[in-house]
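Here is a short briefing on a two-chain model. Please look through the sequence and the structure before reading on.

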Amino acid sequence: MENNHPIVEKIRSAYPQVAESIKVQRENRIWMKIDYADFRKFLEFAASDLKTGIFCMLTGLDDKENFSFIYHMADLNGIMLNIETSVPKTNASIATVTDMFPAAELQERELTDLLGVAIEGLPEGQRYPLPDNWPDGEYPLRKDWDESRLEKNPLKEKAEDCNV
Amino acid sequence: MSKKLVIPIGPQHPALKEPASFDVTLQGEKVENILVKLGYNHRGIEKACESKPYLHDLYLIERVCGICSHSHATCFLQAVEEIAGLNIPMRAKYIRSLIGEMERIHSHLLWLGVAAHEIGFDTLLMYTWRDREIIMDLLALLTGNRVNYAVNVLGGVRKDISEEEKGQILKAMDVLEERTKYYAHVTTEEITIKKRLSKVGYLSPEDAVKMGAVGPTGRASKIKRDIRAEDKYAAYGEVDFKVVSDDNCDVYGRALVRVGELMEAYSIIRQLIKKLPDTPLKVPAPLKIPAGEAISRYEAPRGEDVHYVRANGTDKPERVKLRAPTLANVQAVSTMLKKGYLADVTIVIAAIDPCFSCTDRMIIAVDGKSEMTWKQLREHSINWYKKNRGVDFTKVKLGMKE
């Protein structure tokens, strides 16, 4: 599909550096990539200026040297803006967006449990979705992880060792 | 000054049929804070999907949830089909919508029964669940199963609807519509229901947006959003329907929205049957899906279901991520219950129609490569109870083949 959507135009003029990465895969589906340094500001721009302020989903991906995150944002007319950003695995830490979208809380906790990404600024709370006796340092959604790792690092047996 | 009291509800409790734990802090009878703990149904489905071909994933994804199995399967397939560039025949799209609406009917009737039970109105539970059998039997007739219908295949559907089946569907819709009119009458006129549900679990429209409430939970708080109308997937662009919403913003509103959606579902099904186009049922689909990514949205009975799929050119996906509607709605529960009463906790939780299997989805065998045999499982449990509880079950005979 052609990239002449009004939202695409707006992004292009405000953030020319991301113009290359924008693709409109089909009606109502806009995909783009942005550096993590600009991400936060862009998200605010997307929520206010582009009116794509409905937080739908947060996908975390194990991308070889990086962890990538796609924030799937929607507006009231069915448009879905998918904003991808990434951080190197050596510095696996991102800032929380729960101050803007409280709905993101559980999905951010998922990133911590399943990929081992630190979420800065996320208030302390219950872990989600792994069990309390899950061994430390095991992140099942990483590509190099499989169940055989649990033979060496089994589920915790004592309640006092658990992260509750 | 009364002392604060924390009451743990769950994870296993009689109010809900699925595990989730709620720590309710009380000041007298009033709820001051509520701490939700989920994850008891986490089964590692997303991870498992990465190690299985798309064909197997479809059946795995269908088992994310028992109630909205068709929703998840369709949502997942829509994403894969978009990546593969498949053009699904119209008849298949109609059948997908048709089964989707039948699923909504059985889910909403189930909810109405559960909600009635939570407020002690068990007669309504008996009535709605009796009527729900009509739609369950119909689904079994059309697909061969009451749940997990497996009607979808990559590129279309596997099962056609015959002229005789069309007649049976229409007949069932007439009966169900008559019954639902009666339920609409009961929910709007019956004074005990009205008094019990009004002003309970209040969620303001602003909070609904902030907490990301979707589906009937959001629509009962004036948020007129429905993915069927916004995204027009499957055959929803071909039928007329109304997005039912309500401005009560409480549990009563959520009940009215679901009853209203039942009436809409009957009308959608009649239109689909009437217009069912004559095309093939499926297009050939490749085993290997080209590299790419797609996001798919679906209005499941509980709200918006979102699936993301990234393909890498092989027959297995690189990543599958899904967000079930309950994950979006459950975060609003603590807002709904603030300043409410302890006695309202169960009905308020039930009112979002929670489905924790969906939400937690994502174990494959815990102890390594092979799955446990019955014998191993039994030995494991005997050892566990000996060690942890000091009870010896060795001599208990189960009479099962080993």
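## Domains and model basis

The domain assignment of chain B, automatic or from a database, gives domain 1 (45–328) and domain 2 (375–402). Between the C-alpha centres of domain 1 and domain 2 of chain B lie 41 Å. This is a predicted model, where local features need pLDDT of at least 70, side-chain atom pairs count only at pLDDT 80 or more, and totals for chains, interfaces and linings use all residues. Residues are numbered from 1 along each chain as its sequence is written, while chains are lettered from A and ligands numbered from 1 in the order in which they are written.

**Chain A overall**

- Chain A has four helices and seven strands. Helices (H or I, at least four residues) and strands (E, at least two) are DSSP runs, numbered from the N terminus.
- Along the sequence, the pattern of chain A reads α-β-β-α-β-β-β-β-α-β-α.
- Taken along the principal axes, the C-alpha atoms of chain A fill a box of roughly 60 × 30 × 25 Å.
- Chain A has 164 residues, of which 33% count as buried. A residue is buried if 20 or more other C-beta atoms lie within 10 Å of its own, exposed if 12 or fewer, and partly exposed in between, with C-beta atoms placed from the backbone.
- Of the contacts in chain A between residues at least 6 apart in sequence, 45% join residues at least 24 apart. Two residues are in contact if their C-beta atoms, placed from the backbone, lie within 7 Å.

- Asp113(A) sits in helix H3 (residues 105–115) of chain A.
- Asp113(A) counts as buried because 21 other C-beta atoms lie within 10 Å.
- Beyond its neighbours within four places in sequence, Asp113(A) contacts Arg127(A), Tyr128(A), Pro129(A) and Leu130(A).
- Two of these contacts, Tyr128(A) and Pro129(A), are joined by a cis peptide bond with omega near 5 degrees.
- Pro129(A) belongs to the loop between strand S7 (118–120) and helix H4 (149–152) of chain A.
- Asp113(A) and Glu20(A) are 93 residues apart in sequence, and their C-alpha atoms are 33 Å apart in space.

**Other backbone exceptions**

- Most residues other than glycine have a negative phi, and most peptide bonds are trans.
- The peptide bond between Gly10(B) and Pro11(B) is cis, with omega about 10 degrees. Pro11(B) is in the loop between strand S1 (4–9) and strand S2 (21–27) of chain B.
- Lys51(A) is not a glycine, yet has a positive phi of about 65 degrees. The loop between helix H2 (36–48) and strand S3 (54–63) of chain A holds Lys51(A). Lys51(A) counts as partly exposed because it has 17 C-beta neighbours inside 10 Å.
- Asn148(B), also a residue other than glycine, has a positive phi near 45 degrees. Asn148(B) is in the loop between H5 and strand S4 (152–153) of chain B. With 15 C-beta neighbours inside 10 Å, Asn148(B) is partly exposed.

**Helix H6 of chain B**

- H6 (residues 163–189) of chain B has 27 residues and should span 39 Å at 1.5 Å a residue; its end C-alpha atoms are 39 Å apart, which agrees. The expected span is 1.5 Å times one less than the number of residues.
- Buried residues of H6(B) are Ile169(B), Met173(B), Leu176(B), Thr180(B), Tyr183(B) and Thr187(B).
- Those buried residues pack against helix H4 (90–118), helix H5 (122–143), helix H7 (191–197) and helix H11 (251–275) of chain B.

**The S6–S7 hairpin of chain B**

- S6(B) and S7(B) form a hairpin with two residues between them.
- The two strands, S6(B) and S7(B), pair in the antiparallel sense over nine bridges. Strands pair if DSSP finds at least two bridges between them.
- Ile295(B) has Tyr308(B) in S7(B) as its bridge partner.
- Eight of the nine residues of S6(B) are buried, so this strand is mostly covered.

**Contact between the chains**

- Chain B gives 33 residues to the contact, and chain A gives 31 residues.
- On the side of chain B that touches chain A, the elements giving two or more residues are strand S3 (30–37), helix H1 (45–50), strand S6 (292–300), strand S7 (303–311), strand S8 (317–323) and helix H12 (325–337) of chain B.
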